[in-house]
Amino acid sequence: MPDYTAIILAAGKGTRMKSELPKVMHKLAGKPLIDHVLDSIEKLGVSEVLTIVGHGREIVTEHIKGRSEIVIQHEQLGTGHALLQAAPFLKKNKGVLVLSGDQPLLTSDTLDSLVKMHEESNSSATVLTAQMDNPYGYGRIIRNEGTFKAIVEEKDSDESQKRIKEINTGTYCFVGFSLQEALTRITPKNSQGEYYLTDVFDSLLSQGDSIETFCTLDSTQALGINNRVQLAEAEDILFDRIRKYWMMEGVTIINPSSVFIDADAVLEQDVIIHPYSIIKGKTKIEEGAIIGPSTILENCYCQKRCKIENSVAREATIGQDCLIGPFAYLRPQTRLDKGVKVGDFVEIKNSSVGEGSKIPHLSYIGDSDIGKNVNIGAGTITCNYDGYKKHKTVIDDDVFVGSNTNLVAPVRIGKSSVIGAGSTITKDVPSKALALERAAQKTIENYQKDKDK
Ligand code: UD1
Ligand code: CA
């Protein structure tokens, strides 16, 4: 990759989004639009990245710091004006790659082809174009006998220009000094009263420079996001791309269109995903795991061969061969070791559960450390909250907790001890003990009157 500076235009208000949030911070497959653009650029390997920020710049700057230099456009007077703010930072002989922060589907492969074409052509600028079935809203590429002449915006175009299907993707390569000069010459003489970046091409052509174009065959990559309908369309396309990618990597997805996998999730081969499942954030799923149906995993680590059915898990680690669900809820900081079983209507939060332990039905486990081979009976509750503070429950290895038990924290249940069903345990239990806390059963004989009389 030759020496390039990438410039991302991301200062616009995104008026058509009708949102408080800056447009480039809206999420697509789990992360902001601008992250997708930064990912492609980083994969391409440019030497420098500048992002033009303006509207909502505190939020955008905070989010991308460390990944890009920041240039502020104080007033949003158009794409040409935005790029002009970066002009002082451009090196004369260096290549410049200009991208829009609202175009998240462009791949690094396409950018690579664009740069190659630009380098080979020796032209001052190369425009990435695409053929769109519905070109409405995009700038159209005007040609004269095949040669690039100009870009005309939708709002400035006449009827015959509106029928042109080749559009400007808003992604370009420039020679640094040509761009610097041309930017100083653009004016806001158009229907929107804006400084159009696309006017630099008129300026370059008028001084005899040549402009090259590169048409991407995959028009979906050109999709610009200006409103929430386009955001949803782009997300559909991206989810489809992600599913196909993982299927080609050896993941089985049953009824793919009902499964959504975020861009940063990682799956290993022979994972099976059943319908209506959502894999969010940086979730990692290891070999042989079976997920779903109807399961949501967010930022989870699912180890080899675990099975998770009809459940929700967030920021949880699920060990090898664990069986989860149906209808389990694993909340942040849940850590399950190998072979743990968590059954129906069980909620676990900020707790670790040792190898082979079982929590099969109707339990709440919070702020607890549970050892190995523990059996937690149906309906067991760790009472971790006294109204003021959270307290910890410790259950050592090989403990048997009878059904319908309350463990009032802080409390420790020693190794191999047994808790009788229905107990409310408030004091520590030593190892190998039986602890029982219930009123003695009272039985009144012949309590019912004989109904025959
Ligand atoms: C632009 C192009 C159009 C192209 C389309 C591709 C111009 C004049 N038009 O139109 O030819 O088909 O992209 O999607 O360039 N921005 C700033 N500062 C501003 C204005 C915009 O940084 O003052 C940024 C926006 O945040 C956005 C990008 O520039 O990321 C493009 O701006 P937008 O208003 O979306 O341009 P389009 O109307 O889509
Ligand atoms: Ca746009």
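The protein has eight helices and 41 strands, where helices (H or I, at least four residues) and strands (E, at least two) are DSSP runs numbered from the N terminus. This is a predicted model, in which local features need pLDDT of at least 70, side-chain atom pairs count only at pLDDT 80 or more, and totals for chains, interfaces and linings use all residues. Residues are numbered from 1 along each chain as its sequence is written, ligands are numbered from 1 in the order in which they are written, and side-chain values use heavy atoms, without hydrogens and water.

The chain is divided into domain 1 (4–222) and domain 2 (249–435), with bounds that come from an automatic or database domain assignment. Their C-alpha centres lie 48 Å apart. Along the principal axes, the C-alpha atoms fill a box of roughly 110 × 45 × 45 Å. Buried residues make up 49% of the 453 residues; buried means under 20% relative accessible area, exposed over 50%, and partly exposed in between, with a 1.4 Å probe and protein chains only.

Next, the metal site. The calcium ion (ligand 2) has Asp 102 (OD) and Asn 226 (OD1) as its protein donors, at 2.3 to 2.5 Å. Donors are N, O and S atoms within 2.8 Å of the metal (3.2 Å for Na, K and Ca); water is not among the atoms, so sites may look incomplete. Asp 102 belongs to the loop between strand S6 (95–100) and helix H4 (108–121), and Asn 226 to the loop between strand S11 (211–216) and helix H8 (228–248); the two are 124 residues apart and link distant parts of the chain. Asp 102 is buried, at 14% relative accessible area, and Asn 226 is also buried, at 17%.

Helix H6 (residues 176–184) has Gly 176, Ser 178, Leu 179, Gln 180, Ala 182 and Leu 183 buried. Their cover includes helix H3 (79–84), S6, strand S10 (166–175) and helix H7 (200–206).

Asn 384 is buried, with a relative accessible area of 6%. Its side chain makes a polar contact with the side chain of Asp 367 at 2.7 Å. A polar contact is a pair of N or O atoms within 3.5 Å; within protein, one must be able to donate a hydrogen and the other to accept it, and residues adjacent in sequence count only if both atoms are side-chain atoms. Neighbours within four places in sequence aside, the residues in contact with Asn 384 (heavy atoms within 4.5 Å) include Lys 349, Tyr 364, His 391 and Ala 409.
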